Amino acid sequence: DVVNLLAEQPLTRQAYLPVFFPEDTGAVHGGRIPCTIGYHFIMRGDALHISYQLRSCDFVRHMRDDIYLTVRLLLWVLDRLREKDHHTWSRVKPGMYIMHVSSLHCFVNDWRTLKGK
């Protein structure tokens, strides 16, 4: 849906891919909830930017993967857009990567391992 929206309206501010939904709060099923809230894509100038919102991220175990996979998602979206409309999207490059983590943390045992203690 995000790809189709951007293809139809390249300058939209509404290209948001949610991962977290209200029913994921744990109150309904009592389980763990996703750390990722969602991804916002926005084209400005000749760049497609991505803003990645997370409620929580483990610095040692997950942050590298989160960064890598978000950039790969941005590149995948750009590839799909170029397939749909090469004329418009061929000049668009990956833009800014913005990551907002409400709780970036490192557990004590992981910190000790990093420090060699």
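**Entry 1: ground rules.** Partly exposed, as I use it here, means a relative accessible area between the buried limit of under 20% and the exposed limit of over 50%. Arg-91, with 40%, therefore goes down as partly exposed. I am working from a predicted model, and I keep that in mind throughout.

**Entry 2: salt bridges.** I started with the charged pairs. How many salt bridges does the structure hold? I get three. Side chains of opposite charge can pair when their charged atoms come close.

I noted Asp-79 with Arg-82, where the closest N and O atoms are 3.9 Å apart. A salt bridge needs the nitrogen within 4 Å of the carboxyl oxygen, so this pair still counts at 3.9 Å. Both residues lie in H2 (residues 63–84), three residues apart, which is about one turn of the helix. Asp-79 is partly exposed at 37%, and Arg-82 is also partly exposed, at 24%.

Then I looked at Glu-83 and Arg-80, whose closest N and O atoms are 2.9 Å apart. They too lie in H2, three residues apart, about one turn of the helix. Glu-83 is exposed, with a relative accessible area of 58%. Arg-80 is partly exposed at 21%; the buried class is under 20%, so Arg-80 stays out of it.

**Entry 3: the nonpolar core.** Next I went inside. In soluble globular proteins, nonpolar side chains tend to be buried together. Which residues touch the most other members of the largest nonpolar core? Out of 21 residues, I wrote down Leu-6, Phe-41, Leu-48, Val-77, Leu-81 and Trp-89. Helix H1 (2–8), S2, S3 and H2 each give at least two residues to this core. H2 supplies the largest share, six residues.

Setting aside neighbours within four places in sequence, I found Val-77 in contact with Val-3, Leu-6, Phe-41 and Leu-48. Leu-6, Phe-41 and Leu-48 are also on my list of core residues that touch the most other members.

**Entry 4: the largest pocket.** I put its volume at about 180 Å³. Its lining is Arg-32, Cys-35, Thr-36, Leu-54, Arg-55, Ser-56, Cys-57, Asp-58, His-62, Asp-66, His-105 and Phe-107. How does that lining split by class? I count four nonpolar, four polar and four charged residues.

**Entry 5: C-alpha distances.** I checked a few pairs across the chain.

- Asp-85 is in the loop between H2 and H3, and it is partly exposed at 26% relative accessibility.
- Gln-14 is in the loop between H1 and strand S1 (16–18). Gln-14 counts as exposed, at 61% relative accessibility.
- Arg-61 is in the loop between strand S4 (57–58) and H2, and it is exposed at 52%. From Arg-61 to Gln-14 I get 31 Å between C-alpha atoms, for residues 47 apart along the chain.
- Gln-14 and Asp-65 are 51 residues apart in sequence, and their C-alpha atoms are 26 Å apart in space.
- Trp-76 is in helix H2, partly exposed at 45% relative accessibility. Its C-alpha is 19 Å from that of Gln-53, 23 residues away along the chain.

**Entry 6: back to H2.** I kept landing on this helix. H2 holds the Asp-79 and Arg-82 pair and the Glu-83 and Arg-80 pair. H2 also gives the core its largest share, six residues. Trp-76 of this helix is partly exposed.

How values were computed. Residues are numbered from 1 along each chain as its sequence is written. This is a predicted model: local features need pLDDT of at least 70, side-chain atom pairs count only at pLDDT 80 or more; totals for chains, interfaces and linings use all residues. Side-chain values use heavy atoms; hydrogens and water are left out. On a 1 Å grid over the protein atoms alone, a cavity is a set of points where a 1.4 Å probe fits but cannot get out, and a pocket is an open set with protein on both sides within 12 Å along at least five of seven lines; lining residues have an atom within 4 Å of a point. Grid points are joined across faces, edges and corners, and a volume is the space filled by probe spheres set on the points. Ala, Val, Leu, Ile, Met, Phe, Trp, Tyr, Cys and Pro count as nonpolar, Asp, Glu, Lys and Arg as charged, and the others, Gly among them, as polar. A salt bridge is a side-chain nitrogen of Lys or Arg within 4 Å of a carboxyl oxygen of Asp or Glu. Buried means under 20% relative accessible area, exposed over 50%, partly exposed in between (1.4 Å probe, protein chains only). Helices (H or I, at least four residues) and strands (E, at least two) are DSSP runs, numbered from the N terminus. A nonpolar core is a set of buried Ala, Val, Leu, Ile, Met, Phe, Trp, Tyr and Cys residues joined through side-chain atoms within 4.5 Å. Contact means heavy atoms within 4.5 Å.
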